[in-house]
Amino acid sequence: MRRKIVAGNWKMNKTVDEAVDLVRSLKEKLAQGPVDDVDVVVCPPFVDLVPVRDVIAGSKIGLGAQNMYWEDAGAYTGEISAGMLLSAGCSYVILGHSERRQYFGETNATVNKRLKKAFAAGLTPIMCVGERLEQRQAGITQAVVEIQVREGLADITADQAKQMIIAYEPVWAIGTGVNATPEQAQEVHRFIRELLAKMFGEDTAEAVRIQYGGSVKPDNAAELMSQPDVDGALVGGASLKAESFYEIVRAASQRS
Ligand code: PEP
């Protein structure tokens, strides 16, 4: 049985002080509730990583970044390396978020370079895939997702793939308040798992955790995550408040 994983993508939100407040409240809430069967990860902006690391020290909250460059060091103004993320306490890194693809020109090929570097460095990648509205309407959701998965995971071994997380995030559901229905999410998650089975074998496909992302809220989280192939959530807006993020973690837990 795959362990559920709920990650908060804070995007470009929270100053250092705000980040510390948020993660302190979250830590307190998580300490109250019986949710130790869920992996909980927060992904703040880069400048917040170290102060957040210091607050979550000794707790089970994992730390992730929202992006990373594939080179080790050098003249890459504005970029951040895997080594820097590790030194700031990260274990996870989100790669290929649709906002990175839409606004910053990321492609499946550059996502693949980042993914290889993340694996080489020992970071767990959360690779995002998902179709835009017009692609869903044109009936090409599976074709789009297949290319993203195949090209994003080019030259990745089964042992590496097993450790990663894929986030299925339909672009039309991100930040819109319109989530995919549990059935729509399950259909694409099942498709991704079958694709992984073709690429890496059944064992690997069964091990990979596939999160759903796109307007996950406390009131829709349980139903989405009760689908057999939905192994957790990547949460944007609702991760910016400790209460709503905690409620989503509780929805993922079998113990609460
Ligand atoms: C996201 O940014 O990954 C996301 C899913 O955002 P939201 O939950 O706000 O739709």
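This section describes the ligand site and selected salt bridges of a predicted model. Local features require pLDDT of at least 70 and side-chain atom pairs count only at pLDDT 80 or more, whereas totals for chains, interfaces and linings use all residues. Residues are numbered from 1 along each chain as its sequence is written, and side-chain values use heavy atoms, with hydrogens and water left out.

Around the ligand stand 14 residues, of which Lys11, Glu169, Gly175, Ser215 and Gly236 come nearest; a residue is near if one of its heavy atoms lies within 4 Å. This shell comprises four nonpolar, eight polar and two charged residues, where Asp, Glu, Lys and Arg count as charged, Ala, Val, Leu, Ile, Met, Phe, Trp, Tyr, Cys and Pro as nonpolar, and the others, Gly among them, as polar. The side chain of Lys11 places an N or O atom 2.6 Å from a ligand oxygen, and for the side chain of His97 the distance is 2.9 Å. A backbone N or O atom of Gly236 lies 2.8 Å from an oxygen of the ligand. The protein buries 97% of the 290 Å² that the ligand exposes when taken alone (Shrake-Rupley method, 1.4 Å probe).

The structure holds 20 salt bridges (a side-chain nitrogen of Lys or Arg within 4 Å of a carboxyl oxygen of Asp or Glu). One of them joins Asp229 and Arg193 at 2.5 Å, N to O. Asp229 lies in the loop between α11 (218–225) and β8 (232–235) and Arg193 in helix α9 (residues 182–200), 36 residues apart; helices (H or I, at least four residues) and strands (E, at least two) are DSSP runs. Asp229 is buried at 3% relative accessible area, and Arg193 is buried at 1% (buried, under 20%; exposed, over 50%; partly exposed, in between; 1.4 Å probe, protein chains only).

Conventions: A polar contact is a pair of N or O atoms within 3.5 Å; within protein, one must be able to donate a hydrogen and the other to accept it, and residues adjacent in sequence count only if both atoms are side-chain atoms.
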